[in-house]
Amino acid sequence: MFFSIIIPAFNERDNIPLVVERLEKLLPGDNWEIVFVDDDSKDGSLEVLMGLARSNPRVRFIRRIGRRGLASACLEGMASSCADVFAVMDCDLQHDETILPTMLKAFEEDPKLELAVGSRYTGQGGGTGDWSKSRVFVSRFATCLGSVVRKTPLTDPMSGFFVIRREIFEETVRNMTGKGFKILLDIVLSAGRPLRVQEFAYEFRTRQHGESKLDIVVAFEYLYLLADKIFGRFVPIGFVLYVLAGLSGLLLHLAVLAILHRAGGLDFVPSQIAATVAAMISNFLVNNSVTFRQQRLKGGLLVPGLVAYMLICGLGAIVNVESADFLHQGGIPWWFAGAAGAMVGAVWNYAVSTQIVWTWLPGVLKTRGR
Ligand code: GDD
Ligand code: MN
């Protein structure tokens, strides 16, 4: 059995050589390799990786440029490997590598085993180390939330420390979201059937070098992953977010209208125009930071983005009115024609702004800036 240890690494310069050293001590034999997946770290990781890969045939690495993400890094590491079994482990030594040999042995002994998970919450010896109370709470809460959609029973589905057989990777990879942090959960959810799993207790260690990359965006991506697994079959989650952003814009619109027209005594038409502009700006900003967070526009791209967005929504309004009018002329009741027009407008806005504002525009402006 040949296995790859896939290690996602982002700004982990000081930890990389330590991980290699510890794994080499732990695993005799030469039926394994280490694959680091580095997302163009700026701390000098590359030089360290080059040095190791040149001198040690067990070590290789993938460099991803212009990309980020823990889950996708792990997936690409696996995709690059010819191994029968993949182990995934963090680079910061927080995962206790000493349980790896036992996990790997379980695969050799039980040919039916599909997944082995390092768990902080099982049996004796599991634990969250020196995590703060609030982080433990968040982690527990996220775990409970996840259990709603899971088929495979796991005490620690958030774990980023696990071993899987190649077949499971092949079976699930095309269904996976590949976004965010929670790769194990993504695999388990994408499998669509209970996997044959075994858990191994370990104590989460304290990070010695570098810093954690978990932040609010990661937490948000987790909710996105769950929502995508639950509703994604029916409607693209991006569209749902887009419509929710639109509803928030409608509220803002009414609030501005109330303030200017009702309270401020401004005429209806200028008030309505001001409210529309305010809602468009707010929708743009909300969509930019939520719906299209992965390709968010920043700095100098914000203003051209906003202008393009407003033009597209203006056209969307015409498409909306035209299609509603068409239906209404054809004898469709006014409320249905109106709602259908609004829906057509929303789909137009979503589809066209996805392509133009958040895909085409940043590409063009970036290449020209270079
Ligand atoms: N290539 C790449 N790209 N690697 C990344 C990225 C990225 O965008 N973000 C993080 N990593 C790497 C880090 O360098 C580290 O090796 C590992 O992924 C985990 O990142 P941390 O930032 O240390 O995560 P953590 O300690 O908060 O999270 C841990 O706990 C989770 C359980 O709640 C990790 O063990 C997770 O894997 C685990 O799911
Ligand atoms: Mn960590």
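Mentor: A polar contact is a pair of N or O atoms within 3.5 Å, and within protein one of the two must be able to donate a hydrogen and the other to accept it. Keep in mind as we go that the model before us is predicted.

Trainee: What makes the pairing of the side chains of Ser-41 and Asp-38 a polar contact?
Mentor: The side chains of Ser-41 and Asp-38 come to 2.7 Å, and because the cut-off for such a pair is 3.5 Å, the name applies. Ser-41 itself has its place in the loop between β2 (32–38) and α2 (45–55).

Trainee: Why is Ser-41 called buried?
Mentor: The relative accessible area of Ser-41 is 10%, and because buried means under 20%, the residue belongs in that class. Setting aside residues up to four places away in sequence, Ser-41 touches Ala-9, Phe-10 and Asn-11.

Trainee: Where is Ser-159 found, and why is it called buried?
Mentor: Ser-159 is found in the loop between α5 (133–147) and β6. Its relative accessible area is 3%, and because the limit for a buried residue is 20%, Ser-159 is placed in that class. The side chain of Ser-159 reaches the backbone nitrogen of Phe-161 at 3.1 Å. Leaving aside neighbours within four places in sequence, Ser-159 is in contact with Val-117, Gly-118, Arg-120, Leu-184 and Tyr-202.

Trainee: How do you know that Met-78 is buried, and which residues does Met-78 touch?
Mentor: Met-78, whose place is in helix α3, has a relative accessible area of 0%, and because anything under 20% counts as buried, the conclusion follows directly. Not counting residues up to four places away in sequence, Met-78 touches Ile-6, Phe-86, Val-88, Phe-162, Ile-164, Phe-169 and Ile-183.

Trainee: What makes us say that β1 and β4 pair, and in which sense do they run?
Mentor: DSSP must find at least two bridges between two strands for them to pair, and β1 and β4 have 4 bridges, in the parallel sense. In β4, the bridge partner of Ile-5 is Ala-87.

Trainee: Which strands pair with β6, and over how many bridges?
Mentor: Strand β6 (residues 162–165) pairs with β4 in the antiparallel sense over 4 bridges, and strand β5 (residues 115–119) is joined to β6 by 3 bridges, again antiparallel.

Trainee: How do you know which faces of β4 and β6 are covered?
Mentor: In a regular strand the side chains alternate between the two faces of the sheet. In β4 (residues 85–88), Val-85 and Ala-87 lie on one side and Phe-86 and Val-88 on the other, and all are buried, which leaves both faces covered. In β6, Phe-162 and Ile-164 lie on one side while Val-163 and Arg-165 lie on the other, and here too all are buried.

Trainee: What makes helix α7 mostly covered?
Mentor: In α7 (residues 183–191), 9 of its 9 residues are buried, including Ile-183, Leu-184, Asp-186 and Ser-190. The helix α7 is followed by Gly-192, whose phi is positive, near 70°.

Trainee: Which residues come nearest to ligand 1?
Mentor: Of the 28 residues around ligand 1, Glu-12, Arg-68, Asp-90, Met-158 and Lys-213 come nearest. By class, this shell has 12 nonpolar, 6 polar and 10 charged residues, and both β1 (3–9) and α3 (70–79) supply at least two residues to the shell.

Trainee: What is known of the distances from oxygen atoms of ligand 1 to Asp-92 and Met-158?
Mentor: An oxygen atom of ligand 1 is 2.7 Å from an N or O atom in the side chain of Asp-92, and an oxygen atom of the ligand is 2.5 Å from a polar backbone atom of Met-158. Because the cut-off is 3.5 Å, both distances fall within the limit for a polar contact. The protein covers 98% of the 750 Å² of accessible area that ligand 1 has on its own.

Definitions and conventions: Residues are numbered from 1 along each chain as its sequence is written. Chains are lettered from A and ligands numbered from 1 in the order in which they are written. This is a predicted model: local features need pLDDT of at least 70, side-chain atom pairs count only at pLDDT 80 or more; totals for chains, interfaces and linings use all residues. Side-chain values use heavy atoms; hydrogens and water are left out. A residue is near a molecule or strand if one of its heavy atoms lies within 4 Å of it. Accessible areas come from the Shrake-Rupley method with a 1.4 Å probe; for residues, only the protein chains shown count as cover. Ala, Val, Leu, Ile, Met, Phe, Trp, Tyr, Cys and Pro count as nonpolar, Asp, Glu, Lys and Arg as charged, and the others, Gly among them, as polar. Buried means under 20% relative accessible area, exposed over 50%, partly exposed in between (1.4 Å probe, protein chains only). Contact means heavy atoms within 4.5 Å.
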